[in-house]
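Please examine the sequence and the model shown below before reading on. The explanation that follows is meant to be read with both in view.

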Amino acid sequence: MTKLELQYFMDYEDAKMGRFETTGDDGGVPLNILIDNYSEEFPSEGECFIDIYSLGYHIEVFKTEEEFDAAHSDFRMAVPSMIPIGTFSSQEDGSGQDPRILFTGKIFDFEKDPEATGDDPNTLIHLDSYGFDFHLYTKYDGELEAGDIVHGVAWIYGDLIFQNKEEDKDNV
């Protein structure tokens, strides 16, 4: 579960997407997340928690940072890193935004689904990226280990949880 700062909600196709900012030492990075459990009852801004999931594509896995750097000598990203590519729009009115990120992160753990068929995701990877950790569903048939570096594009979504600030004060 990741703590983020909700800035506002916006329409996205037939759903709602939230604009968030990361918090903590990696704070202030804006990103869009599709909200699966959106409700008109939600506050329109403020601190919240979210379990972030994603669908990944163009996924690459590396055993070391040296391997990763060698493969990306023309476009270097730190490990971990994240570029919220969906927050940028070529439209003057801001339309055209989506919940995509370009990321590099390290694997905490993973699960393989031996029953997945065709192009269905067969791997769920829990990884740490810049500003938050998330779960990545992807099609990957190679070997994985905790600590491996994963790089690619993810379409992110999740369920929001708001906490009562008075309850938070009592739990400190």
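The paragraphs below treat strand pairing, nonpolar cores, aromatic pairs and salt bridges in turn.

The model is a predicted one, in which local features need pLDDT of at least 70 and side-chain atom pairs count only at pLDDT 80 or more, while totals for chains, interfaces and linings use all residues. Residues are numbered from 1 along each chain as its sequence is written, and side-chain values use heavy atoms, with hydrogens and water left out.

The description begins at the N-terminal strands. Helices (H or I, at least four residues) and strands (E, at least two) are DSSP runs, numbered from the N terminus, and two strands pair if DSSP finds at least two bridges between them. Strand S1 (residues 2–12) pairs with strand S2 (residues 15–22) in the antiparallel sense, over eight bridges. Two residues separate these strands in their hairpin, where Glu13 takes a positive phi near 50°. Strand S2 is in turn joined to strand S3 (residues 30–35) by six bridges, and these two strands run antiparallel. Phe20 can be followed across both pairings: Phe20 in S2 is the bridge partner of Leu6, and Phe20 also stands opposite Leu31 in S3.

Strand S6 (residues 100–112) pairs with S7 in the antiparallel sense over six bridges, and Phe110 has Ile125 in S7 as its bridge partner. S7 also pairs with strand S8 (residues 132–138), again in the antiparallel sense, over seven bridges. In this pairing, Leu127 has Phe134 in S8 as its bridge partner. S7 and S8 form a hairpin with two residues between them, and Gly131 in the turn has a positive phi of about 90°. A residue is called buried under 20% relative accessible area, exposed over 50% and partly exposed in between (1.4 Å probe, protein chains only). Because six of its seven residues are buried, S7 is largely enclosed by the rest of the structure.

The next topic is the nonpolar interior. In soluble globular proteins, nonpolar side chains tend to be buried together. A nonpolar core is here a set of buried Ala, Val, Leu, Ile, Met, Phe, Trp, Tyr and Cys residues joined through side-chain atoms within 4.5 Å. The largest such core has 29 residues, of which Phe20, Ile33, Phe103, Phe134 and Leu136 touch the most other members. At least two residues of this core come from each of S1, S3, S4, S6, S7, S8 and S9. S4 gives the most to this core, namely five residues. Apart from this core lies another, of seven residues, including Phe68, Leu102, Ile149 and Val153.

Aromatic contacts form a further topic. Rings of Phe, Tyr and Trp (its six-membered ring) pair if their centres lie within 6.5 Å; planes under 30 degrees apart count as stacked, over 60 as edge-to-face and the rest as tilted. The structure holds 10 aromatic pairs. In one of them, the rings of Phe9 and Phe42 have centres 6.4 Å apart and planes at 25°, so this pair is stacked. Phe9 lies in strand S1 and Phe42 in the loop between S3 and S4, so the pair ties together parts that are 33 residues apart in sequence. Phe9 is buried, with a relative accessible area of 18%. Ring pairs link Phe9 and Phe42 with Tyr38 and Phe162 into a cluster.

Charged contacts complete the account. Side chains of opposite charge can pair when their charged atoms come close. A salt bridge is a side-chain nitrogen of Lys or Arg within 4 Å of a carboxyl oxygen of Asp or Glu, and the structure holds six salt bridges. One of them joins the side chains of Lys63 and Glu145 (3.9 Å, N to O). This pair links distant parts of the chain, 82 residues apart: Lys63 is in the loop between strand S4 (46–62) and helix H1 (65–71), and Glu145 is in the loop between S8 and strand S9 (149–161). Lys63 also meets Asp148 in a salt bridge (2.8 Å, N to O). Asp148 lies in the loop between S8 and S9 and Lys63 in the loop between S4 and H1, so this pair ties together parts that are 85 residues apart in sequence.
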